[in-house]
Amino acid sequence: MKDFAGKIAFITGGASGAGLGQAQIFSEAGMKVVIADVRQDHLDEAMAYFKAKGAPAHAIKLDVTDRAAYAAAADEVEKVFGSSPDLLVLTAGVNVFGPAEASTYDDYDWVVGVCFGGVVNGLVTFVPRMIKAGKGGYIASTVSWGAFGAGPMTAPYSAAKAAVLNLLESYQIALKPYGIGVSALCPANIRSKIYESALKGRPEQFKNTGYNVTEDTQKLLASIHANGMDPRVLADWLKKGIENEQFLVVPYPSGPRMVEVALERFVDYASPEGMKRLAEKAKQPPTEEANKHNAEREGYDISTSRTPPQAPAGGYVDVGFGKAKSDNTWIDPSKKF
Ligand SMILES: NC(=O)c1ccc[n+]([C@@H]2O[C@H](COP(=O)([O-])OP(=O)(O)OC[C@H]3O[C@@H](n4cnc5c(N)ncnc54)[C@H](O)[C@@H]3O)[C@@H](O)[C@H]2O)c1
């Protein structure tokens, strides 16, 4: 998709962070934007922005896990702007971190429900409508760099994002004949409010977490995200990706090489010699290239700092970030990283 002016964009999670940046950039490209978000306070703030600009925008309060509400939102777009969206951007997401082995069903049901289930619901709701409208179009999702790597503290999140990436690849192949393109945006650190989700955005029915989540851990997370990529810059990367019909958008100068490095580990996983190579690599200090890639992803200047400046010495340990809930009796701290 190269022309955006006059077309309709529907953006989930569009009232904050990455989604709001996307709403702004696509609005500035002349699109009518629908921002769909579960948080009324985020919607109000975002709509005040578009109202002040005099830009055509419409807010819908939507929980992306609610399929009936999703169908109603799709009807609403057709009523308000006269047609199904030309551009669907599935960005709504949440995160929470803690040891994989402490994860509860609620941790999975909530994170996977929003981050993967929300994308499924978006596709099942809108793809038939976009095909029936017969005008082609584009679907993008804000996935995550986490899709390329599993971590001991990120199990539900990384798994959900890896699943979304795989899902989008299927749709990319399936929708090409209909003139509908698909892109997966895979950023690392973004300047956003995602740190609020684990305390303010987690529904009551999924409250039973296995992780230590406190005001202090979320403050630490906030300080990390404060150094993340500006959502507008990220949205520019996505817009360019859409213009070029580029499936994978890793929004860094070294993006393609980062992907190559990330996938190399699977080659090693696939043989006994490779497993030994990986064990050897783990004992070595990070390479210059690894440091450079990390700096690009986390948003710091490698010429002045080797580590993210937002992580104070001992900070993670002091506030118990990424740890199990304090009443956990069976996780052995000596086995933790
Ligand atoms: N912040 C990062 O560092 C980072 C990195 C990689 C990927 N991402 C992804 O980017 C996307 C956007 O997150 P962000 O960082 O901009 O966070 P954010 O919290 O600033 O924005 C996300 C928006 O999604 C909304 N949302 C959450 N659950 C929802 C639901 N069930 N239904 C509808 N809306 C819902 C929130 O209310 C919020 O307004 C997420 O998918 C996230 O996983 C974030």
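Guide: Gladly, and let's start with one term: two residues are in contact if their C-beta atoms, placed from the backbone, lie within 7 Å. Keep in mind that this is a predicted model.

Visitor: Which residues of α1 and α8 meet in that sense?

Guide: From α1 come G17, A18, L20, G21, Q22, Q24 and I25, and from α8 come P231, R232, L234, A235, D236, L238 and K239. Sorted by kind, the residues of this contact are seven nonpolar, four polar and three charged.

Visitor: Why is α1 called oblique to α8?

Guide: Their axes are 8 Å apart and the packing angle is about 60°. Angles under 35 degrees count as roughly parallel, over 145 as roughly antiparallel, and 65 to 115 as roughly perpendicular, with the rest called oblique. The angle of about 60° belongs to the rest, so α1 is oblique to α8. The crossing of α1 past α8 is right-handed.

Visitor: Where does α3 come in, and how does α3 cross α4?

Guide: Helix α3 (residues 67-81) and helix α4 (residues 105-133) have axes that come within 10 Å and cross at roughly 35°. The handedness of that crossing is right-handed. R67, Y70, A71 and A74 of α3 make the contact with N121, T125, F126 and R129 of α4. By kind, these residues are four nonpolar, two polar and two charged.

Visitor: Now the sheet. What is the order of its strands?

Guide: The seven strands run in the order β3-β2-β1-β4-β5-β6-β7, in an open sheet with parallel pairing.

Visitor: Why do β3 and β7 count as edges?

Guide: β3 (57-61) and β7 (248-249) each have a single partner strand, so one side of each is left without a neighbour in the sheet.

Visitor: How do you know that β5 and β6 pair?

Guide: Pairing needs at least two bridges. Strand β5 (residues 137-142) and strand β6 (residues 180-185) have six bridges, in the parallel sense, so they count as a pair. Within β6, V182 stands opposite I139.

Visitor: Which helices lie on these strands?

Guide: Helix α1 (residues 17-28) lies across β1, β2, β3, β4 and β5, and runs at about 170° to β1. Helix α8 (residues 231-243) touches β5, β6 and β7, and makes about 145° with the direction of β6.

Visitor: Last stop, the ligand. Which residues are closest?

Guide: G13, S16, G17, G93 and S192 are the closest of 36 residues that surround the ligand. The elements that give two or more residues to this shell are α1 and α4. The shell divides into 13 nonpolar, 19 polar and four charged residues.

Terms used
Residues numbered from 1 in each chain as written. Predicted model: local features only at pLDDT ≥ 70, side-chain atom pairs only at ≥ 80, totals over all residues. Helix = DSSP H or I, 4+ residues; strand = E, 2+ residues; numbered from the N terminus. Axes fitted to C-alpha atoms, helices over the stretch in contact; angles between N-to-C directions. Left-handed = near helix turned anticlockwise from the far one by under 90°. Nonpolar A, V, L, I, M, F, W, Y, C, P; charged D, E, K, R; others polar. Near = placed C-beta within 6 Å.
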